[in-house]
Amino acid sequence: AILIVVGDFEQAALDQMIDKHFGKIPKPDGTIPRVTAVEPERTKEVRHALTAPNVPLPAVAITYLAPKGNSPDVAPLQVASAIMSGGESSRLYQELVYNQQLAQQVQFSTDIRADRGLLNFIAILGSDKKPEDGEKALLAELKKIQTTPVTPKELAKAKNQLITNAISSRETVDGKADAIGFALMWSGNAKAVNTSIAELQAVTAQDVQRVMRKYFTETNRVVIYYTNEKENGK
């Protein structure tokens, strides 16, 4: 267990409170069991077609395994996420919602964990659209960012968005504590909280293209269609 304390406090008083509330907890005599299971590599594409009785709109999700939280590839993936779905001016929103009028909502998110997380494309489609249409459009946008470097304007905008959010989130004591906690979980080093913004600033267009090619492969892909069961004859 890790205790994180942020705020205006006297160290001596804090030490007394820690001794009072935690000092009596006995240290285990034996070895603490650890989780040793590791997320296996994906070796082939997997597809699922799921239905439910009250699905208002069809949807499609395409997921890929993400790297561990201490990977140097995390920062480029976060920048890529901001470029792809960071607001209404992002690539996915502009193409799938505005231009093609295919989706009502669309996003690309990075679910980063201490172990392997997930990289998710999700599109909630129009009532008259098919999951196959959503998958095709999402993969087309993925191919664009894999084959052509993002523009300097897109890169600068994404970095500014991410860095502004990171700085503003640390203006509260809870935000500071969360940032320190994530640094500990992802890298095992609380001081990593002081380098995360610099890592975002250092991301290049080539870094973005490299990670999008590295992790977004056919063998690392799970495709999920989600529709109303009535549309499937059930």
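**Aromatic pairs and their surroundings**

Mentor: This is a predicted model, and by the ring-centre rule of 6.5 Å the count comes to seven aromatic pairs.

Trainee: What makes the pair of Tyr-64 and Phe-121 edge-to-face?

Mentor: The ring centres of Tyr-64 and Phe-121 are 6.5 Å apart and the planes stand at 80 degrees. Planes over 60 degrees apart count as edge-to-face, so the pair gets that name.

Trainee: Why is this pair said to tie together parts that are apart in sequence?

Mentor: Look at where each partner lies: Tyr-64 is in strand S2 (residues 59-65) and Phe-121 is in strand S4 (residues 118-125). The parts they tie together are 57 residues apart in sequence.

Trainee: How do you know whether Tyr-64 is buried or exposed?

Mentor: Buried means under 20% relative accessible area. Tyr-64 has 0%, so it counts as buried. Phe-121, with 1%, is buried by that cut-off too.

Trainee: What is the geometry of the pair Phe-121 and Phe-216?

Mentor: Their centres lie 5.8 Å apart and their planes are at 65 degrees, so this pair is edge-to-face. Phe-216 sits in the loop between helix H8 (205-215) and strand S5 (221-228), while Phe-121 is in strand S4, so the pair ties together parts 95 residues apart in sequence. Phe-216 has a relative accessible area of 5%, so it is buried.

Trainee: Which residues do ring pairs link into a cluster?

Mentor: Tyr-64, Phe-108, Phe-121 and Phe-216.

Trainee: Phe-108 is new to me. Which side chain reaches its backbone oxygen?

Mentor: That of Ser-85, at 2.9 Å. The limit for a polar contact is 3.5 Å, so 2.9 Å falls within it. Ser-85 is part of helix H2 (residues 74-85). Beyond four places in sequence, Ser-85 touches Ser-90, Leu-92, Val-106, Gln-107 and Phe-108.

Trainee: And Glu-141: why is it called buried?

Mentor: Its relative accessibility is 4%, and the cut-off is under 20%, so Glu-141 counts as buried. Glu-141 is placed in helix H4 (residues 131-147). Its side chain makes a polar contact with the side chain of Lys-144 at 2.8 Å. Leaving aside neighbours within four places, the residues in contact with Glu-141 are Met-84, Arg-91, Leu-92, Glu-95 and Leu-96.

Trainee: What makes Gln-101 worth a look?

Mentor: Its phi is positive, about 50 degrees, although Gln-101 is not a glycine. Most residues other than glycine have a negative phi. Gln-101 lies in the loop between helix H3 (91-99) and strand S3 (103-111). At 61% relative accessibility, against a cut-off of over 50%, Gln-101 counts as exposed.

Trainee: What volume does the largest pocket have, and which residues lie nearest its centre?

Mentor: The volume is about 780 Å³. Among the 27 lining residues, Gln-78, Arg-170, Phe-182, Trp-186 and Ser-196 lie nearest the centre. The elements giving two or more residues to this lining are H2, helix H5 (152-169), helix H6 (173-187) and helix H7 (196-201). H6 provides the largest share, seven residues.

Trainee: How do the lining residues of the largest pocket divide?

Mentor: They divide into 13 nonpolar, 11 polar and three charged residues.

How values were computed: Residues are numbered from 1 along each chain as its sequence is written. This is a predicted model: local features need pLDDT of at least 70, side-chain atom pairs count only at pLDDT 80 or more; totals for chains, interfaces and linings use all residues. Side-chain values use heavy atoms; hydrogens and water are left out. Helices (H or I, at least four residues) and strands (E, at least two) are DSSP runs, numbered from the N terminus. A polar contact is a pair of N or O atoms within 3.5 Å; within protein, one must be able to donate a hydrogen and the other to accept it, and residues adjacent in sequence count only if both atoms are side-chain atoms. Contact means heavy atoms within 4.5 Å. Rings of Phe, Tyr and Trp (its six-membered ring) pair if their centres lie within 6.5 Å; planes under 30 degrees apart count as stacked, over 60 as edge-to-face and the rest as tilted. Buried means under 20% relative accessible area, exposed over 50%, partly exposed in between (1.4 Å probe, protein chains only). On a 1 Å grid over the protein atoms alone, a cavity is a set of points where a 1.4 Å probe fits but cannot get out, and a pocket is an open set with protein on both sides within 12 Å along at least five of seven lines; lining residues have an atom within 4 Å of a point. Grid points are joined across faces, edges and corners, and a volume is the space filled by probe spheres set on the points. Ala, Val, Leu, Ile, Met, Phe, Trp, Tyr, Cys and Pro count as nonpolar, Asp, Glu, Lys and Arg as charged, and the others, Gly among them, as polar.
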